[in-house]
Amino acid sequence: MTTLIIKGARVLGGQPADLLLQDGRIAAVGERLSATGADVLDAGGLVALPGLVDLHTHLREPGREDAETVETGSRAAALGGYTAVHAMANTDPVADTAGVVEQVWRLGQQAGLVDVVPVGAVTVGLKGERLAELGAMADSAARVRVFSDDGHCVADPALMRRALEYVKAFDGVVAQHAEEPRLTVGAQMNEGDLSARLGLTGWPAAAEEAVIARDVLLAEHVGARLHVCHVSTAGSVEILRWAKSRGVRVTAEVTPHHLLLTEACAGSYDPVFKVNPPLRTDADVAAVRSGVADGTIDAVATDHAPHAVEDKESEWAQARPGMLGLEQALPVVVETLVEPGLLDWAGVADRMSVRPAAIGRLTGHGRPLVPGEPANLLLLDPAARAVVDPAALASRSRNSPYAGRELPGRVVATFLRGTATVLDGKAQK
């Protein structure tokens with residue numbers, strides 16, 4: 001394998017240091033490092049962070065390769081600084097058997113850009129009627145540890161309880177899409193004054209908060225691990241804060257778009273801003289930012305949701321919900337959390353790498369950048385700014401809510417076990 005010396009990188013934003021990458025690991029960190037035959041990369045002014053880990057990525061394969069494939073999604077992830085992504089189960093066929101999760105896992109290995117970690121469905125066909133083959137998926141080559149019906153809520157409390165009890169046997173976690181479906185029939189955007197003025201059916205905050213409250217009580221009752229997907233309301237943050245104060249084994253994530261964008265975007269009727277859960281109020285955005293800052297929300301997860309043109313570029317009511325996120329997640333975090341002083345670089349590493357890896361039970365990711373650890377890392381130019389051009393993105397889809405927006409920070413390089421997947425901002429495969 002290639003021996004590489006990264007010169008003058010600021011590890012977690014600290015003082016400049018050299019990193020020696022050898023045989024897939026960090027061999028040394030220090031000043032003026034040298035090694036016979038080593039390639040040298042000048043990283044002056046760049047911040048070195050552990051490779052990012054995404055808990056919530058839709059790669060669409062198998063079944064909707066017109067929107068994304070494991071390869072194109074992996075490329076987008078690497079360009080965003082990721083070294084591991086969790087691929088959600090709402091594919092076609094649904095990833096509810098050992099065979100399908102192994103297929104996704106092997107496609108990720110073939111692409112070789114990030115570690116693709118399949119998420120197994122909680123229920124057969126995402127229908128919420130009976131449990132899927134949780135144990136078989138856990139024992140498969142993919143070693144599934146995260147299970148989710150994302151896109152659908154596990155609405156039946158008895159079924160949710162059984163799922164939580166079942167995954168305890170192999171230290172798994174159920175990741176819930178918190179949405180009481182009877183409160184969101186026909187919902188198009190956040191419920192409030194704006195939805196009334198726009199004439200769009202509202203999606204009330206209580207629909208999210210009620211399910212989170214129910215599920216943290218269930219998780220406490222059975223002593224299981226619960227993860228809450230894409231938290232979007234101030235009330236949800238308060239419920240999570242209360243649950244954690246009681247010692248409930250609950251973790252949670254927020255998306256980049258819920259950190260940056262608000263329901264005001266819906267005023268344009270541009271379906272690129274249609275998402276589930278919907279964009280919320282300014283107060284909700286402030287609350288989820290604070291939740292990330294104080295650790296109540298454990299992770300920033302993209303909910304990268306590519307859609308083919310015909311599914312997104314239509315009138316608002318018919319458009320599919322979802323947004324791209326992998327390539328702009330870190331820049332959005334820089335704008336919403338780092339620049340306002342809510343997180344330092346160590347905090348970014350914690351919320352985008354360390355905690356997500358721990359939640360997904362991934363070894364080799366989210367590790368400190370010290371000798372002996374796997375060389376999974378990224379180099380970021382924090383001074384760079386760029387305008388987002390959807391046509392230039394690696395994803396097969398173009399539904400980016402950040403189109404035309406200037407964002408700070410540029411991923412210059414990404415390394416997966418010492419091999420460069422991105423150099424000078426360009427994918428190497």
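**Terms and their grounds**

Mentor: Thr91 touches Arg60, Glu61, Pro62 and Val100, leaving out residues up to four places away in sequence. The model is a predicted one.

Trainee: What makes Thr91 count as buried?

Mentor: Its relative accessibility is 10%. Buried means under 20%, so Thr91 counts as buried. Thr91 is found in the loop between β7 (82–87) and α2 (98–111).

Trainee: Which residues does UniProt mark as "binding site"?

Mentor: The unreviewed UniProt entry places that feature at Asp150, His177 and His230.

Trainee: Why can these residues be said to gather at one spot?

Mentor: They span 81 residues in sequence, yet no two of their C-alpha atoms are more than 9.9 Å apart, so they gather at one spot. Asp150, His177 and His230 also belong to the lining of the largest pocket.

Trainee: Is His177 buried or exposed, and how do you know?

Mentor: His177 has a relative accessible area of 2%. The limit for buried is under 20%, and therefore His177 is buried. His177 is found in the loop between β10 (173–176) and β11 (189–190). Leaving aside neighbours within four places in sequence, the contacts of His177 include Asp150, His230 and Asn276.

Trainee: What makes the approach of His177 to the backbone nitrogen of Gly151 a polar contact?

Mentor: That nitrogen lies 3.2 Å from a polar atom of the His177 side chain.

Trainee: Why is His230 called buried?

Mentor: Its relative accessibility is 2%, and buried means under 20%, so His230 counts as buried. His230 is found in the loop between β13 (226–228) and α7 (234–245).

Trainee: What joins the side chains of His230 and Asp150?

Mentor: They are joined by a polar contact of 3.1 Å, where the limit is within 3.5 Å.

Trainee: What makes His307 buried?

Mentor: Its relative accessible area is 6%, and the criterion is under 20%; His307 is therefore buried. His307 is found in the loop between β15 (299–300) and α10 (309–312). The backbone oxygen of Pro321 lies 2.7 Å from a polar atom of the His307 side chain. Beyond neighbours within four places in sequence, Arg60, Arg320 and Asn399 are among the residues in contact with His307.

Trainee: How many residues does the largest nonpolar core have, and which have the most contacts inside it?

Mentor: That core has 82 residues, and those with the most contacts inside it are Phe147, Val228, Leu330, Val348 and Met352. Val348 touches residues including Leu49, Leu330 and Val333, not counting those up to four places away in sequence. A second, separate core of 18 residues includes Leu198, Leu261, Cys265 and Leu279. In soluble globular proteins, nonpolar side chains tend to be buried together.

Trainee: How many cavities of 30 Å³ or more are there?

Mentor: The count comes to 5. The largest cavity has a volume of about 50 Å³, and its lining includes Gln188, Met189, Phe273, Leu279 and Trp316.

Notes:
Residues are numbered from 1 along each chain as its sequence is written. This is a predicted model: local features need pLDDT of at least 70, side-chain atom pairs count only at pLDDT 80 or more; totals for chains, interfaces and linings use all residues. Side-chain values use heavy atoms; hydrogens and water are left out. UniProt positions are given in the numbering used here, feature names are shortened, and annotations may be inferred rather than shown by experiment. On a 1 Å grid over the protein atoms alone, a cavity is a set of points where a 1.4 Å probe fits but cannot get out, and a pocket is an open set with protein on both sides within 12 Å along at least five of seven lines; lining residues have an atom within 4 Å of a point. Helices (H or I, at least four residues) and strands (E, at least two) are DSSP runs, numbered from the N terminus. Buried means under 20% relative accessible area, exposed over 50%, partly exposed in between (1.4 Å probe, protein chains only). Contact means heavy atoms within 4.5 Å. A polar contact is a pair of N or O atoms within 3.5 Å; within protein, one must be able to donate a hydrogen and the other to accept it, and residues adjacent in sequence count only if both atoms are side-chain atoms. A nonpolar core is a set of buried Ala, Val, Leu, Ile, Met, Phe, Trp, Tyr and Cys residues joined through side-chain atoms within 4.5 Å. Grid points are joined across faces, edges and corners, and a volume is the space filled by probe spheres set on the points.
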